[in-house]
Amino acid sequence: MVASSSKSGSDACLVVNAGSSSLKFSVFQGGSAAELEAVVTGQISGIGTAPRFEAKDAARHKLADHSWPAGENPGRPELLHHLLDWIGDTLKGATLVAAGHRVVHGGTRFSQPVRVTATVLDQLEELIPLAPLHEPHNIAAMRALAQVYPSLPQVACFDTAFHQTQPWQSQTFAIPRELTAEGIRRYGFHGLSYEYIAHRLPQVAPELADAHVVVCHLGSGASLCAMRAGHSVDTTMGFTALDGVPMGTRPGAIDPGVLIYLMREKGYGADELEKLLYHKSGMLGVSGISNDMRDLENSDQPAAAEAVELFCHNVAKQVAALAGSMGGLDAVVFTAGVGENSTLVRSRVVEKLSWLGLALDPAANRAKATRISAQESRVPVFIIPTDEERMIARHTLGVIAAEALSRAA
């Protein structure tokens, strides 16, 4: 079956977002960065247990739904081989020219997208302690793809790179300088999402191109970013993806003394703390019901309502803190799964910021309009859907084009 929106004869870019048991992918085609179109999206789920391959075209029509027979458990290389064969059969006439990967942590070394080489992969291995639940799977996908298709250029795009523009005081912990020099500092995450919003906001509201903006990337993982003139000034996540606002299963900011107490008085070791902080806390821990905001909003249990309230309280608090950090607030943007879809969360957060002059238009908020602030609001409020995959495709094709120009020079 050929995707209805595929562009025969054009170059294609594969975008990969690899997790522990799943691999999400998109295929972009287009003559230029501005014309890029996601012609295929999908995922391979159940990696390591019962793999399932699913794909849809740009109109969300199902193109593939394949599960492997019981007893068969193909590894990442075999699954990627299946994906590449399927892309070749589906997008006939298209040429796969590169693959771009979302990589959670780039440390201090990687401040921009980079062509993946054996040296780069070794350097990324050194960063695993900074993102133990994400980085290994990002690397595994790149190694597996290199094994299956060694001639295909791969590009790593980093969630931390966008925040490299922050001033030193936004990046620095108040700890001994020798520890800071070793790389213990605030990095920030969700940078590919924020970078997309930085490009998109001036198209939505040109008058805000040089403005002070707080972007709320609210999903299962959540953070906020202060942007001035499209550059990161401050953000709520720090050394790891645990800091800031409460998330689906992560607590957000927590007194470090709590962790010392748990170690000394409750006998927690590093593995137990990691499980607590990454998998058992956040909305799941507070509610005891679910890590999914939709489940919490639909529940009649008091603990679910308290979890939603705690989340909104912390998001509003961080909007105000980030406004102070960059010295002003000209706009607020909601994005990502919860930010784009939860009418209740947006309403409660903005209500808590009414003292700053924010006010919503309830009808616009319910309709998920682009601009949802009331006419009298002193600070405009927007919903802008994020598109990290498109950002990765742009970066990947940009790196490949730059290499081609360098060879031709």
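1. Let me start with arginine 60, which sits in the loop between β4 and β5; helices (H or I, at least four residues) and strands (E, at least two) are DSSP runs, numbered from the N terminus. This is a predicted model, in which local features need pLDDT of at least 70 and side-chain atom pairs count only at pLDDT 80 or more, while totals for chains, interfaces and linings use all residues. Residues are numbered from 1 along each chain as its sequence is written, and side-chain values use heavy atoms, with hydrogens and water left out.

2. Is arginine 60 buried or exposed? Arginine 60 is exposed, because its relative accessible area is 51%; buried means under 20% relative accessible area, exposed over 50%, and partly exposed in between (1.4 Å probe, protein chains only). The side chain of arginine 60 makes a polar contact of 2.9 Å with that of threonine 41. A polar contact here is a pair of N or O atoms within 3.5 Å; within protein, one must be able to donate a hydrogen and the other to accept it, and residues adjacent in sequence count only if both atoms are side-chain atoms. Arginine 60 also lies 9.9 Å from glycine 42, C-alpha to C-alpha, with 18 residues of sequence separation.

3. Now to the sheet. It is open, has 8 strands in the order β5-β4-β3-β2-β1-β6-β8-β7, and its pairing is mixed. The edges are taken by β5 (62–67) and β7 (114–115), each with a single partner strand, so one side of each has no neighbour in the sheet. Two strands pair if DSSP finds at least two bridges between them.

4. Glutamine 43 in β3 is the bridge partner of lysine 24, and glutamate 54 in β4 is the bridge partner of glutamine 43. The hairpin of β3 and β4 has 6 residues between the strands, and glycine 46 in that turn has a positive phi of about 70°.

5. Elsewhere in the sheet, strand β1 (residues 11–18) and strand β6 (residues 95–103) are parallel, paired over 6 bridges. Here alanine 12 stands opposite leucine 96 in β6.

6. A helix pair also deserves a look. How do helix α6 (residues 191–204) and helix α15 (residues 388–408) cross? Their axes come within 8 Å and cross at roughly 85°, which means that α6 is roughly perpendicular to α15. The axes are lines fitted to C-alpha atoms, for helices over the stretch in contact, with angles from 0 to 180 degrees between N-to-C directions; angles of 65 to 115 degrees count as roughly perpendicular. On the α6 side, Leu192, Ser193, Glu195, Tyr196 and His199 meet Glu388, Arg390, Met391, Ile392, Arg394 and His395 of α15. The residues of this contact divide into 4 nonpolar, 3 polar and 4 charged.

7. Histidine 190 is in the loop between α5 (177–181) and α6. Histidine 190 has a positive phi of about 60° although it is not a glycine, and it is buried at a relative accessible area of 8%. Alanine 336, in helix α12 (residues 336–341), is another residue other than glycine with a positive phi, near 75°. Alanine 336 is buried too, with a relative accessible area of 6%.

8. Serine 287 belongs to helix α9 (residues 282–287) and counts as buried at 7% relative accessibility. Its side chain reaches the backbone oxygen of methionine 283 at 2.7 Å, and a polar atom of the serine 287 side chain lies 3.3 Å from the backbone oxygen of serine 290. Leaving aside neighbours within four places in sequence, serine 287 is in contact (heavy atoms within 4.5 Å) with Leu296, Ala303, Ala304 and Ala307.

9. Finally, threonine 240 lies in the loop between β11 (231–235) and α7 (256–266) and counts as buried at 17% relative accessibility. Beyond its neighbours within four places in sequence, threonine 240 is in contact with Leu130, Phe189 and Tyr278.

Terms used
Angles under 35 degrees count as roughly parallel, over 145 as roughly antiparallel, 65 to 115 as roughly perpendicular and the rest as oblique. Ala, Val, Leu, Ile, Met, Phe, Trp, Tyr, Cys and Pro count as nonpolar, Asp, Glu, Lys and Arg as charged, and the others, Gly among them, as polar.
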